[in-house]
Amino acid sequence: LRAAANATALVYGADHLDGWAADLPTDRRLGLVELLPPGARLAFENGGHGHAGDGMVDPHFWTDPTAVASLLPTLADTLCAIDAAGCSTYRANADSFATALAALDTRLQGMTASVRETPVLLAQPFFRYFLHQYGPRLVGIVETRPGTQPSARDLQRLIGEARASGARYVLTQRQLSDQAAAAVAESAALHVVQLDPLGGTEGKDTYADLLVTNARLLRDAPARTP
């Protein structure tokens, strides 16, 4: 609390992702998702790939490095306005990071080319930005609101959609329960592929390593249903 109160600014992802952090006492709050250009935002509505209009913005933008790159100019301008003394450093860092992100995007495009049109389900809406940019093709989300179990009717609908689309996998995340996704996978004969949107562990302790590891898991997933 003391650190937040004395900070020049408090930077966080989004109110509906980091609400507890956004409520810490500080003079300046900086929600990164608000800096995304409108064309780079995805909405939660209907679990689809549509760009955000009136719907709540999906805050998991960091799973797409091109979305991250799109907010860098505004982020640098905002930091310069907050801390003029550090402005040259912020702009230099933004430029070098943009170059690294462009290289990462090229690498991910190559890694995912073979699975770009492979139909998949998501356990929760945590990796949609990545799928929108690189594939595989999202055909359904098991839990549109994480922690809210789908009804029996919803599960039957998802199983039907998975079979009709020829889906091969259901993608889960290591930080949340995959109970409902596992039930869909068993009924629809899908492989379960566990991804990690957060990292911070061995082999995934840098941003690039995190996304490359996830891309490798998608590229190397089994080609046939279990």
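This is a short tour of one predicted protein model, stop by stop.

**Before you start**

Residues are numbered from 1 along each chain as its sequence is written.

**Stop 1: the whole chain**

Show the protein as a cartoon. It has eight helices and six strands. Helices (H or I, at least four residues) and strands (E, at least two) are DSSP runs, numbered from the N terminus. Trace them from the N terminus: the order is α-β-α-β-α-α-β-α-β-α-β-α-β-α.

Now turn the model. Along the principal axes, the C-alpha atoms fill a box of roughly 60 × 35 × 35 Å. The radius of gyration is 19 Å; a compact globule of 226 residues would have one near 17 Å, so the two agree. That radius is taken over C-alpha atoms, and the globule rule is 2.2 Å times the number of residues to the power 0.38.

Of the 226 residues, 43% count as buried. Buried means under 20% relative accessible area, exposed over 50%, and partly exposed in between (1.4 Å probe, protein chains only).

**Stop 2: helix α4**

Select residues 87-112. This is helix α4, with 26 residues. The expected span is 1.5 Å times one less than the number of residues.

Which residues of α4 are buried? Colour C87, A94, L101, L104, D105, L108, M111 and T112. Their cover includes α3 (65-82), α5 (128-134) and α8 (207-219).

**Stop 3: T118**

Move on to T118, in the loop between α4 and β3 (119-122). Is T118 buried or exposed? T118 is buried, because its relative accessible area is 8%. Leaving out residues up to four places away in sequence, T118 touches P136, R137, R168 and Y169. Contact means heavy atoms within 4.5 Å.

**Stop 4: P136**

Jump to P136, one of the residues T118 touches. P136 is in the loop between α5 and β4. Look at the peptide bond from G135 to P136: it is cis, with omega near -5°. Most peptide bonds are trans.

**Stop 5: E143**

Select E143, in the loop between β4 (137-141) and α6 (152-165). With a relative accessible area of 4%, E143 is buried. What does E143 touch, not counting residues up to four places away in sequence? Show A123, Q124, P125, T148, Q149, P150, S177 and A180.

**Stop 6: A185**

Go to A185, in helix α7. A185 is buried, at 6% relative accessible area. Leaving aside neighbours within four places in sequence, A185 is in contact with V170, L190 and V192.

**Stop 7: A189**

Finish at A189, in the loop between α7 (179-188) and β6 (191-195). How exposed is A189, and what number says so? A189 counts as partly exposed, at 31% relative accessibility. Check the backbone too. A189 has a positive phi of about 55° although it is not a glycine. Most residues other than glycine have a negative phi.

Methods: This is a predicted model: local features need pLDDT of at least 70, side-chain atom pairs count only at pLDDT 80 or more; totals for chains, interfaces and linings use all residues. Side-chain values use heavy atoms; hydrogens and water are left out.
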